[in-house]
Amino acid sequence: MKASNFLKENNAQHMWHPMAHPQDSLQNPPRIITGASGVRLQDVDGNEVIDAVGGLWNVNLGFSCDPVKKAIASQLDILPYYSTFRGTSNDAVIELSYELSKFFEPDGLSTAFFTSGGSDSVETALRLARQYHKVRGEPGRVKYLSLKKGYHGTHTGAASVNGNANFRAAYEPLLPGCFHTPSPYVYRNQFNETDPAKLAQLCVAAMEEEIAFQGANTIAAFIMEPILGAGGVIVPHESFVPMVRELCTRHGILFIADEVITAFGRTGAWTGSRLWGIQPDMMCTAKAITNGYFPFGAVMLSPQITDVFENDTTGAAAIGHGYTYSGHPVGAAAAIACMAETLRLDIPVNAGLRGTQLFEGLQVLKEKHEIIGDIRGGRGLMAAIELVSDRTTKAPLDKETPVRIQDAIYNNGTMVRVSGPNIIMSPPLIVTEQDVQDMLGAIDSGLSAAVVS
Ligand SMILES: Cc1ncc(COP(=O)(O)O)c(C=O)c1O
């Protein structure tokens with residue numbers, strides 16, 4: 001490693017950071033993380049903090065997961081790369097596809113299309129949805145529906161179904177034919193509805209109205225996260241996703257579950273779809289599939305989709321889509337080991353228990369800190385604190401205070417993520433009761449320090 005003064009001098013000088021203003025990165029240089037073990041990070045100044053971000057929703061098994069590290073190292077020795085484009089394959093990816101088909105059987109998904117990450121997975125699902133309808137003789141179904149506040153990555157297709165202007169406005173015009181309907185966000189919604197079950201019905205009714213307006217026979221697919229993550233951990237009422245699934249089925253619209261953060265246990269269930277008791281037509285996965293140690297993803301497809309493609313005799317089902325790194329053998333080896341370890345640890349159990357502890361602890365902090373407008377979570381290890389300047393009016397905060405709070409929490413021993421007005425937490429799913437207690441303590445002290453100063 002280069003000396004710390006070199007790192008500090010050159011930090012953000014020769015690279016642009018995703019999701020940051022280049023000028024801001026220059027003026028407020030990013031934290032330099034130089035090591036990690038278990039659920040803790042070490043920075044260049046020798047500080048050690050709990051990583052309540054879990055990498056970026058992906059390091060579910062922590063930073064010391066030896067089975068995944070060893071699988072990567074040994075695969076690099078045996079076969080560091082080979083493509084899966086037409087005519088070739090590799091042993092690791094065949095084994096992984098078999099394991100995934102077993103893992104996702106309860107979700108009604110049987111076949112994988114491999115990618116290099118979450119945005120790739122979303123792009124793949126969107127493209128295959130259009131092709132599916134063309135192959136089965138409804139070429140007019142080309143539009144997409146999604147939820148406002150949803151996050152689906154940053155490829156042009158993915159950004160087009162994204163429901164947050166921050167990821168869209170600078171890159172317009174985006175893909176035509178993408179339409180957004182209200183999300184079941186109880187704290188703020190256009191209906192002024194505070195009852196989650198009633199709000200779910202209103203949102204579904206709005207979606208139904210949009211389908212009627214567009215014409216169901218023009219819509220290829222609807223995409224949503226089972227719990228909206230980056231948009232601020234918006235947990236729908238339990239009736240919402242089943243109602244949406246039914247609506248899609250009734251109108252011949254494919255239901256794409258974007259489970260880039262919820263697959264593999266984060267919600268306290270093995271998948272977000274299983275949490276809500278539905279089966280999607282396609283599921284986007286990435287992130288925790290390799291514990292974040294290798295960029296990799298998979299779109300899982302239901303037999304309804306694969307039958308149409310596999311039984312085509314016209315040639316229309318030939319797939320003109322894929323990535324150089326689709327089915328990368330090192331990623332596949334990492335995923336095989338990661339899935340085995342995730343299953344061995346029965347990881348959703350701890351995610352559920354510690355998620356409840358975190359959620360209840362945050363509710364207690366809300367009693368104490370006026371700046372907290374809303375606490376969201378309660379379904380596994382994903383939670384958000386929405387900060388406001390005035391609880392009664394729900395007036396938003398200035399931009400600087402959340403960043404100051406994030407710094408103060410860090411100085412008290414925990415890394416959290418700030419996204420707009422939200423402090424977002426998605427720690428590794430192996431955190432202990434003590435880790436969660438320490439995280440809550442750091443958030444409490446950080447809020448007190450930052451709000452007073
Ligand atoms: C639900 C969801 N979909 C897609 C993505 C995009 O994934 P990536 O950043 O790996 O492209 C993310 C990333 O956070 C996500 O949370």
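The model is predicted, so local features need pLDDT of at least 70 and side-chain atom pairs count only at pLDDT 80 or more, while totals for chains, interfaces and linings use all residues. Residues are numbered from 1 along each chain as its sequence is written.

**Whole protein.** Select everything first. The protein has 15 helices and 16 strands; helices (H or I, at least four residues) and strands (E, at least two) are DSSP runs, numbered from the N terminus. Its C-alpha atoms fill a box of roughly 70 × 60 × 40 Å along the principal axes. Of the 453 residues, 48% are buried, that is, with 20 or more other C-beta atoms, placed from the backbone, within 10 Å of their own.

**Helices α5 and α12.** Next, select residues 91–103 (α5) and residues 329–344 (α12), whose axes come within 8 Å and cross at roughly 35 degrees. Axes are lines fitted to C-alpha atoms over the stretch in contact, with angles from 0 to 180 degrees between N-to-C directions. Show A92, V93, E95, L96, E99 and F103 in α5, which meet P329, A332, A333, A335, I336 and M339 in α12; contact requires C-beta atoms, placed from the backbone, within 7 Å.

Terms used: Contact = placed C-beta atoms within 7 Å. Buried ≥ 20, exposed ≤ 12 C-beta atoms within 10 Å, placed from the backbone.
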